[in-house]
Amino acid sequence: MGLFKKNPFGHILFLKKWLIRILAVITHKRYRGFNTLEIEGSEIIRNLPDRNVLFVSNHQTYFADVVAMFHVFNASLSGREDSIKNLGYIWQPKLNMYYVAAAETMKKNLLTKVMAYAGSVSVERTWKADGKEVNRQVKMSDISNIGKALDDGWVITFPQGTTTPWKPLRKGTSHIIKKYRPVVVPVVIDGFRRSFDKKGLRIKKKGILQSMVIKEPLDIDYENESFDSIIEKLEYAIEQHPSFSKVISKKDLMALEEENKQRKFRV
């Protein structure tokens with residue numbers, strides 16, 4: 001790899017590699033030490049093509065979720081079996097791996113800008129800006145950038161666009177799937193909301209059992225399946241269909257959301 005070789009977004013790969021290595025060293029104990037991350041499905045990761053793969057997941061914190069996936073995916077590719085033991089796997093990380101994030105969030109400070117360089121595909125939210133609800137059109141350049149990332153490698157997305165459970169999925173995800181026809185891999189996570197603050201930067205409780213389940217790629221008829229059908233399929237796959245909300249009472253859910261608000265950490 002040339003010293004100044006760049007990816008399609010103009011990021012120098014040598015610099016990106018070192019940023020991923022450093023962030024991995026800093027964060028590793030958050031998932032194997034302070035807490036324990038239980039993993040299922042690492043063999044699925046190893047059987048995926050190198051490009052045009054879309055990981056679709058539920059969302060519990062701004063950053064801890066995707067950082068954990070960078071750990072798990074790289075560990076799986078290096079031969080780890082449902083484990084992130086021995087951090088040596090990060091020495092040669094997969095550099096064509098990206099995640100979709102709100103542009104507003106990724107521009108806030110130096111830390112978020114560093115994390116953006118490590119793999120963010122920043123998009124402008126159509127429903128929220130500066131903490132207020134808005135209603136604006138999807139930017140076609142955002143869709144194109146996600147397509148560019150898929151053409152180069154793997155993309156992680158959180159289609160609910162919020163860390164609140166069981167919220168409807170944004171239909172833009174189904175448009176991306178129909179347009180670019182990626183291999184769609186569902187991921188279900190748990191325990192991150194209890195482990196970290198809302199942003200996923202501060203550990204709020206230790207000794208939590210976190211989990212990440214990587215499921216088999218979805219069977220999607222890209223030509224004939226409707227957008228709504230794809231969304232419903234995704235909701236069930238990442239266990240965020242409204243029917244799943246019945247396993248927790250509304251009172252308990254409200255208490256959980258209030259707890260997260262009280263522990264909100266500003267960087």
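Me: What makes E223 exposed in this predicted model?
Reply: Exposed means over 50% relative accessible area. E223 has 55%, so E223 counts as exposed.

Me: Why is the contact of R181 with E223 called a salt bridge?
Reply: The cut-off is 4 Å between a side-chain nitrogen of Lys or Arg and a carboxyl oxygen of Asp or Glu. The closest N and O atoms of R181 and E223 are 2.6 Å apart, so the pair is a salt bridge. R181 is in the loop between α7 and β8, and E223 is in the loop between β9 and α9, 42 residues apart.

Me: Is R181 buried, exposed or partly exposed, and how do you know that?
Reply: R181 has 43% relative accessibility. Buried would need under 20% and exposed over 50%, so R181 is partly exposed.

Me: What makes E239 and K215 a salt bridge?
Reply: Their closest N and O atoms are 3.2 Å apart, and the limit is 4 Å, so the pair counts. E239 lies in the loop between α9 and α10, K215 in the loop between β9 and α9. Relative accessibility is 32% for E239 and 24% for K215; both values fall between 20% and 50%, so each residue is partly exposed.

Me: Why is the pair of F9 and Y98 called edge-to-face?
Reply: Ring centres must lie within 6.5 Å, and planes over 60 degrees apart count as edge-to-face. For F9 and Y98 the centres are 5.4 Å apart and the planes are at 65 degrees, so the pair is edge-to-face. F9 sits in the segment before α1 and Y98 in strand β3, 89 residues apart.

Me: How do you know whether F9 and Y98 are buried or partly exposed?
Reply: The limit for buried is under 20%. Y98 is at 1%, so Y98 is buried, whereas F9, at 24%, is partly exposed.

Me: What makes F73 and W154 an aromatic pair, and of which kind?
Reply: Their centres are 6.3 Å apart and their planes are at 80 degrees. The limits are within 6.5 Å and over 60 degrees, so the pair is edge-to-face. F73 lies in helix α3 and W154 in strand β7, so the pair ties together parts that are 81 residues apart in sequence. Both F73 and W154 are buried.

Me: Why is W18 called partly exposed?
Reply: W18 is at 35% relative accessibility, between 20% and 50%, so W18 is partly exposed. The residue lies in helix α1, and R21 lies over the face of W18, at 4.6 Å from the ring centre.

Note on methods. Residues are numbered from 1 along each chain as its sequence is written. This is a predicted model: local features need pLDDT of at least 70, side-chain atom pairs count only at pLDDT 80 or more; totals for chains, interfaces and linings use all residues. Side-chain values use heavy atoms; hydrogens and water are left out. Rings of Phe, Tyr and Trp (its six-membered ring) pair if their centres lie within 6.5 Å; planes under 30 degrees apart count as stacked, over 60 as edge-to-face and the rest as tilted. Helices (H or I, at least four residues) and strands (E, at least two) are DSSP runs, numbered from the N terminus. Buried means under 20% relative accessible area, exposed over 50%, partly exposed in between (1.4 Å probe, protein chains only). A charge sits over a ring if NZ of Lys or CZ of Arg is within 6 Å of the ring centre and within 35 degrees of the ring normal.
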